[in-house]
Amino acid sequence: MSGMSEEADAPAAGELPGRGSDFLQLAAGEVPAGGKAEWLAGRLRQAIADGRLAVGSRLPPTRVLAVELRVSRGVITEAYRRLAEDGHLEGRRRGGTVVVAAPFAPARGAPEGGAPALPRRATHGVPLPGVPAAPGTPAPGAPDRPAAPNAPRARPARLPDERFSVPPGPTTPHGPGPQPLPPPDPQPLPPPGAQLPRTPGPQTSRAAGAPIRPAPGAQPPQAPVPHAPYPPGPTAPHAPGPQALPAPAPQASHTPGPPTRPAPGAQPPRAPGRQTPAPPGPQTPHAAGSPTRPAPGPQSPHPPHPQSPARPGSPSPAPVGPPFSRVPGADVFDVLRDAPAGVDFTPGRPDLSTFPRTAWLRAERAVLAGLSAEHLGYGDPRGAPALRRAVADWLARMRGVRVEPDEVLIVAGTAQALTLLHQVLRADGVDAVAVEDPGSLGGRQHLRNGGLDTPPVPVDDHGVRVDALRATGAPAVLLTPAHQFPTGVVTSGERRRELLGWARDGGLILEDDYDAEHRYDRPPVPALRALLADRVCYMGSVSKLLAPALRIGWLVAPPRYRAALVDAKRYNDLGNPVLPQLVLARLMESGGLERRLRLMRRRHRDRRDAMIAALAEHLPGGTVHGAAAGLHLTVTYPADVPDTEVAAAALARGVKCQPLSWHRQLPGPPGLVLGYAATAPGVIAEGVALLGSTLRELS
């Protein structure tokens, strides 16, 4: 490993992934040496009795659970069989093993051979009423094998229709409807039969660079003055690509270059001097090479020349300016995202190439097939009931958080959850929310945007320091306890007890459970919300599970804040779009989300290993933090070079990453935050090699 030092949470050679299952937070170390099936059956029966496994919940496949718990598949099958004999489980072939009944009262230490409590059937979360289970269903634990050769196929489970009341009034949530857009061409249309003018107006319906055909009978325009040659790059000047977006209308170029001569007879621009061309040199409001947005007003008939993405290892055509040359502003992530780079190590992005398009389309078709007209009206601002039930079941099974569907508020990601919270907290007299240091720059920006102070609290190897938290005097704190961002520290048991003691004394915890499902070399860690529900606001989303573009998340708040949060959500946007909620609910109920999670874990683990190996080769003096879980890792280095300079020089060579100092308010060692989940292993090795050579040249 070339002297590369790693933390204790790094994987050992030959170690099996996971060390347990997220399902009911079952840890492999808790499995007894004898009586494994009896132990598992007891844990399942207890979860059904206390509500963590609601009726309609789908159990993991026997093969998957056996690998995660490191037991034989027969142990899982036997445990499922025992609960099926009690009437709690039912095998549905391809539908898997599903909870179909729960006891009237929790069983308290009843032996396996004792009489089980009478089960009761549920009325939701199972196939639609009137659709009985198919006869001849197999035993639980072997859903893929039919019980009899001629047994009919079981009908797939469907989400029950959710009825929404349509409020009276206008047909749009914000009034009589959207205002009509202004016509694209400011010139009036000629009367019918009139000959078109010889001078062409602004072309709005053609892509950038497309030739303009003269009108019938019009004189062809003279040949335009040729432009200066475009700089070489992997993308043609007008070819479609990530950086060469077609402009909706011709716009004036903001980059220095030869002036563009209008065609003969073209109208001169109105109000000369209204737009001032940018001076030569690096552009201040945009990153180097980022596409320039069109300015309002008259524009040139030719679009600007987009800069081609930088090749890995090639020098930048211009000195790198923002975002690394200034204090990060509100648009810092937008500017960095628009900057061209051949290797993108931006943290927090899953492998979006594996988005389950087929499963999503299948779920969407099924939802649309059974969607009534009432579903297309205004929905509940708290979210679709089907999704709130699915989220409550997911949290109980995967994160150990027991909530009722009515306690779940569907939001547009964690960003909106923080926006709603700072409104409600300020109204409750909260003026400061402490944050981890280092901690998420984005979370800190959202809180400050709401007028809240964000005093920093240091993070050590056991999590946030509670003594320093008390010293701030802040009544609330924003935490990432399951996988601290960006260091990857998992809050220890002792530190969790100290945090709960601080919360019982009147503190409020905002728990951001942003990527706890992505773990590779450590046991599952329950959420703080499962330990102290009345003092924890729990936030989660599918941005790291599916895609950030869905903008779907959830917020579970203490009872004292629920009504105010629902009001804030109602006045903000009347609720999330209903159709994507119903599709996600169906995907969660069918087990598709868990299957994607298992696929992503394998891919992300391979890419994590590739990055660790590359860092060991090219940054032998660095230290890797947080490699046991998540979608990123942090590397600190001993060189006395500011991490912003390293990040700027790396971007000039085509490698994009975030400096650790962005996420600090207190002094600390320099480092880089590197996301690996969205990058192929071969590209990871190339990008890390460029980072290593960049750091050596700057040292």
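# Notebook: strands, cores and ring pairs

I began at Ala27, whose place is in strand β3 (residues 26–27). The model is a predicted one, in which local features need pLDDT of at least 70 and side-chain atom pairs count only at pLDDT 80 or more, while totals for chains, interfaces and linings use all residues. Residues are numbered from 1 along each chain as its sequence is written, and side-chain values use heavy atoms, with hydrogens and water left out.

**Entry 1: Ala27 and the chain as a whole**

I looked up the cover of Ala27: its relative accessible area is 14%, and Ala27 is buried (buried means under 20% relative accessible area, exposed over 50%, partly exposed in between, with a 1.4 Å probe and protein chains only).

Of its 699 residues, 47% count as buried. The chain exposes about 33,300 Å², of which carbon and sulfur atoms supply 57%; these areas come from the Shrake-Rupley method with a 1.4 Å probe, and for residues only the protein chains shown count as cover. Among contacts with a separation of 6 or more, 77% are between residues 24 or more positions apart, where contact means heavy atoms within 4.5 Å.

**Entry 2: the eight-stranded sheet**

I traced an open sheet of eight strands with mixed pairing, in the order β9-β16-β15-β14-β13-β10-β11-β12; two strands pair if DSSP finds at least two bridges between them. Its edge strands are β9 (408–411) and β12 (463–464), each of which pairs on one side only.

Which way do β13 and β14 pair? They pair in the parallel sense, over four bridges, and Leu479 has Glu511 in β14 as its bridge partner. By contrast, strand β15 (residues 536–541) and strand β16 (residues 553–556) run antiparallel and are joined by four bridges; there Met539 stands opposite Leu555 in β16.

I checked the burial of β14: five of its five residues are buried, so β14 is largely enclosed by the rest of the structure. Leu508, Leu510 and Asp512 lie on one side of β14 and Ile509 and Glu511 on the other, and both faces are covered.

Helix α7 (residues 413–427) lies across β9, β10 (433–437), β13 (476–479), β14 (508–512), β15 and β16, and runs at about 155° to β15. Axes here are lines fitted to C-alpha atoms, for helices over the stretch in contact, and angles run from 0 to 180 degrees between N-to-C directions.

I turned to β21, where five of the five residues are buried, so the strand is largely enclosed by the rest of the structure. Gly671, Val673 and Gly675 point one way from β21, and Leu672 and Leu674 the other way. Strand β18 (residues 632–636) runs antiparallel to β21 and is joined to it by five bridges, with Thr634 partnered by Val673. β20 also pairs with β21 in the antiparallel sense, over two bridges, and there Pro659 has Leu672 as its bridge partner.

Which residues have the most contacts inside the largest nonpolar core? They are Phe345, Met611, Leu615, Leu674 and Leu691, in a core of 38 residues. A nonpolar core is a set of buried Ala, Val, Leu, Ile, Met, Phe, Trp, Tyr and Cys residues joined through side-chain atoms within 4.5 Å. Elements that give two or more residues to this core are α4, α13 (592–618), β18, α14 (643–652), β21 and α15 (681–698). Leaving aside neighbours within four places in sequence, I found Leu674 in contact with residues including Phe345, Met611, Leu633 and Leu691.

**Entry 3: aromatic pairs**

I counted four aromatic pairs, where rings of Phe, Tyr and Trp (its six-membered ring) pair if their centres lie within 6.5 Å, with planes under 30 degrees apart stacked, over 60 edge-to-face and the rest tilted. The ring centres of Phe324 and Trp662 are 5.5 Å apart with planes at 20°, so this pair is stacked. Phe324 lies in the loop between β7 (119–121) and α4 (332–338) and Trp662 in the loop between β20 (658–659) and β21 (671–675), so the pair ties together parts that are 338 residues apart in sequence. Both Phe324 and Trp662 are buried.

The pair of Phe355 and Trp360 is tilted, at 5.9 Å centre to centre and 50° between the planes. Phe355 is buried at 18% relative accessible area, and Trp360 is buried at 10%. Ring pairs also link Phe324, Phe333 and Trp662 into a cluster.
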